[in-house]
Structures are given as structure tokens and as C-alpha cells.
Amino acid sequence: MTDSMTRNFNNYPSTTKSEQHVSKQQMAAQDGYDNQGMLRSELDINGKPINGNTCINMDSLNKCVAINTKGDTAAQLNEKQNYYNPYQHRDVKHPTSYFDTLIHLLKASLGTGILAMPSAFKNAGYVVGTLGTIIIGILCTYTIHLLITASHELCIKRKVPSLTYPGTVAAAFEEGPKFTRILAPYARMMTNMFLVLYQIGSSCIYVVFIASNLKVVGDFYLGGNTDVRMYMVYLLIPLILISWVRNLKLLAPFSSIATCMTIVSFTLIFYYIFRESPSFVGREPVGTVNSIPLFFGTVLFAMEAIGMVLPLENEMKNPKKFGSVFGVLNASMLPISLLYTVVGLLGYLKYGENTKGSITLDMPQTEVLSQVVKLLLSISIYFTYALSNYVAFDIIWKGMEQKMEKNENRICWEYALRTSIVIVTFFFAIAIPNLEHLISLIGAFCLSSVGIALPAIVSFLTFSDVYKDEGNLRFGLFCLRNLLIILIAIFAFVIGVSTSVSDIIHHMT
């Protein structure tokens, strides 16, 4: 049950019970009830009708409201008619369709992380790896739902069409208890910092992945043993050019092409996995205490696309289709979780303790099909790199936009920023070219905070007053839920970061 379906409208000032019923109708219309003509005048906390007062065959929700306003004062009628629906106030120049958004989210999640899943299972063991991946997938999906629901509620309270992730966090702190309001600017700043670090870290991983796979193919055909960093140098100009694409809508065709390449590549990967039957012989069901934290960091990085969620939802033509039961989020995360589990398990059973940071590096180096897989996935990740940089640019540019508004060289500064982000990711990739440890570090450091902890904190600050009015039991369960999520995030952060840093230092010395 989501928080949007359990909100108590007694919280809103100057709101009568009659108004609460109408508000529930309207909120239900936004939260997934597409047939507005069949909305009830009164909904229980689960969003189900509790009386027979039904508006049938109405052209709009406003007509339904008009029928159920008997005895209301002029002020109450005005309040109902002026109810703020954020979706109706969004002005998106190039709105994306359901399919466009689904493709973007799939590409944001189906990156290099899934190719590192066999390595993650090597660290966790096949039993812990299978159960852990499924649990983390459910947790990631749930926390994204918490974020979307809280962001929508805060848009209604503040009468704004949309909020970014940092804006949602800041608004939640401002709407929370008095002692949290002073922290709102710092909460925004910290969220921006973690999101930028995550996106830049992801881009670094993409650079390392592409260079590592191109090195294998290049060394086979050209001979020698070229340093992987040289391939990063060759990639610099193409990465800058793809990052200059300024419109997210224009990236959709590239994402579609990349998705097709990914499908072909995974078909070939499964061919290599099943060419000889995977075996449990010599495979560990449970990993060591020192290696399991690397598993959590890798899976978190692989599954989380938290930085893309609100930008994608805000760009949708029909945004209520993002978080609904059959919306974009659920339609993408279910197959993603299953695919990650299957690839991780079968890849580990196939290659065992010798598996590398990417399953493509475990495949035969001299066979043409293996080389095709490496090239196709390199091109696919190249397009994904542009999506990752789009989010990092969007966050940084919003802080500069007011200063640049009257600047005649605004476009030049925009391209300069896009180029600078690419150069930063390039130098970080040069510094830490180890794919496995870099993935685990970014996942543990960034995604345990912005992907798990912050959505729970935002949900608590946004809906705490609602649950207080619903009784001690429901409020206690609400607090326990969010506290448990935050504790999981802290554990993943502390253990994952310390283990990853230790391993990076060990391999560099």
C-alpha cells in the first residue's frame, strides 16, 4: 500500500469532512484510477469506495465535484474547484511517451551493472546471491515508489507542477518538524552532491567498461598488449560528442538502438553460458564475510536508477503512468530484477571463482561471436553514457541557470559544462581502471544514501503527520518501516565503502 492511498486529509487547514471526500476522489484519479467517471464520492484509506454515492458518465472530475457539494459554503466550493493537480500544470516542450520512458529506464538500469552480476555472486555465493538480489530488487523498487509518492504530495502542498529529487528532499525537510526546516538547504546540497557523484561515478564505470572490452578486441586483431588507458584516450572525443545532445527526447532513438544491441548481446552471452552446462561443483553457496559487502555494493549500483526517476517522470506526457500498478517503474523493475538474478547465478556457475568484473571479459577472447558481443555492448554503453551525463549536467546547470539567463554566451557555457563533465569522468577512469571495485564503491557510497536512505527519510517527513492521526499502531509501523530501511542503508554504506576502498588500495600497492 502506498502512502498516497493512505493519506488523511484532516491535515489540511480549513478543510471540512466534505472536502476530504472530494480530495480523496481527486487524489485517486491521479494515483492510478483511470476511469474517473466511476469515482466514488467517498473513499476509505485503501482507496476503495465506502458508499453508493457514485458519479457516473461525467466528462470531468469537476462535474462530479459539483454534484457532491450540497450544503457547502462558497469558500468550500472555491477550495474544491481550486484543487491543485500538478500534472495539469506541467509544460514540457518535448514530452516522452510511456514507451520512450520505459526504454530510457531500462537502458539506465541495464548498464554495466548487470554484466558485473556474476562477479557479485562470486563474492556472495549462489544462495546468498540469489536471495540477496531479489530482496534488493524489491527494496529498490519500493523506495522509488516512496520517493515518487512523496514528491507528488509535496507538489500538491506547494502548488508546483514538478520537483527534482533535491527539490523534493528540501521540500520534505521544510514541511517536516520545526527542527528539520533549518536543515533544508543543506539537505538539498547533500542530495545534489551525492547524485552528481553517482552519475559521474557511473560514467567513469562506463568509460572503463568500454575501454576494457575494446582492448580485448583490439589486442587480438592489432597484436601487442596496449594499456587500457590508451583506449580511454581514444574514446574521449566520441564521448564529448554524444554528451552534446541537449534534448532527452532525441536520445530515445539511440536508447532504442542500444536496447536492441543489448538484447542481441545477451542472447549470445546465454549461448556461451549454456554451450557447456553450468555446474554447482566447486561453487560456494555462501561467500566470505569480507567479500559479501562487495556484493551489496555491486547489486545496488546495478539496479538503482534513482537519479533518472524524477527527471523521466517529469518529462512524461502522462506522468501518472509512471508509478501506477502497471506503470513504467513496475514494468521495468520486475524483468530487470529477474534478469539480474539469472545472469548472476548462471554466470557464476559457468565461470566460478575466475569470473572477472564483467562477464564479457570471461568469454573466449579469440572467437568472433565473443568479439561481437564486446563491440555491441560497448556501443550500447556508449549511448547509456549520454543518459548518465544528462542527469549530472541537469543538476549542475540548474544551479548556474539563473546566472546564465542573461548571458549572451549561454549556449557556449552549456557546452563547456557538458565537456567538463566528460573530462572529469575521463580522469577518474584513468585513476581507477579496476571495473569490479569501482562498481562496488560507487554502489555502496552513493546509492545506499540517495537510493535507499533518502527516500525513506523524505517519506517519513512528508507523511508523519498523516500517520499520527491514524493511531499509534499505524504510526509505529510507519516509523519502524522507515527506520529499518535507513538502517539497511547505513549498513551497506559503512561496510560496503570500507571494503571497497580497502580492496582498491590493496590492488594499487
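Me: What does buried mean here, in numbers?
Reply: A residue is buried at under 20% relative accessible area, exposed at over 50% and partly exposed in between, using a 1.4 Å probe and protein chains only. This is a predicted model, in which local features need pLDDT of at least 70 and side-chain atom pairs count only at pLDDT 80 or more, whereas totals for chains, interfaces and linings use all residues. Residues are numbered from 1 along each chain as its sequence is written, and side-chain values use heavy atoms, with hydrogens and water left out.

Me: Which residues of H8 are buried, then?
Reply: They are Tyr165, Pro166, Gly167, Thr168, Val169, Ala170, Ala171, Ala172 and Phe173. Helix H8 covers residues 165-175, and nine of its eleven residues are buried, so the rest of the structure largely encloses it. Helices (H or I, at least four residues) and strands (E, at least two) are DSSP runs, numbered from the N terminus.

Me: What caps the N-terminal end of H8?
Reply: Thr164 does, with a side-chain oxygen 3.1 Å from the backbone nitrogen of Gly167.

Me: Switching to Thr425: where does it lie, and is it buried or exposed?
Reply: Thr425 belongs to helix H17, residues 410-431. Thr425 is buried because its relative accessibility is 0%.

Me: Which side chain does Thr425 make a polar contact with?
Reply: The partner is the side chain of Tyr385, at 2.7 Å. A polar contact is a pair of N or O atoms within 3.5 Å; within protein, one must be able to donate a hydrogen and the other to accept it, and residues adjacent in sequence count only if both atoms are side-chain atoms. Leaving aside neighbours within four places in sequence, Thr425 is in contact (heavy atoms within 4.5 Å) with Ile200, Ser203, Cys204, Tyr385 and Asn389.

Me: How many aromatic pairs are there in the whole structure?
Reply: A search finds 17. In one of them, Phe426 and Phe427 sit edge-to-face, 5.3 Å centre to centre with 70° between the planes. Rings of Phe, Tyr and Trp (its six-membered ring) pair if their centres lie within 6.5 Å; planes under 30 degrees apart are stacked, over 60 edge-to-face and the rest tilted.

Me: Are Phe426 and Phe427 buried or exposed?
Reply: Phe426 counts as buried at 9% relative accessibility, whereas Phe427 counts as exposed at 53%.

Me: Which residues do ring pairs link into a cluster?
Reply: Phe121, Phe295, Phe296 and Phe491 are linked in this way.

Me: Now pockets: how much space lies in the largest pocket?
Reply: It holds about 950 Å³. Of its 25 lining residues, Glu315, Tyr390, Asp394, Lys398 and Glu401 are the closest to its centre. H16 (368-404), H14 (306-314) and H17 each supply at least two lining residues, and H16 gives the largest share, six residues.

Me: Where is Ile432 found, and what does it touch?
Reply: Ile432 is in the loop between H17 and helix H18 (435-468). Not counting residues up to four places away in sequence, Ile432 touches Val208, Leu438 and Ile504. Ile432 and Ile504 are 72 residues apart in sequence, yet 8.2 Å apart in space, C-alpha to C-alpha.

Definitions and conventions
On a 1 Å grid over the protein atoms alone, a cavity is a set of points where a 1.4 Å probe fits but cannot get out, and a pocket is an open set with protein on both sides within 12 Å along at least five of seven lines; lining residues have an atom within 4 Å of a point. Grid points are joined across faces, edges and corners, and a volume is the space filled by probe spheres set on the points.
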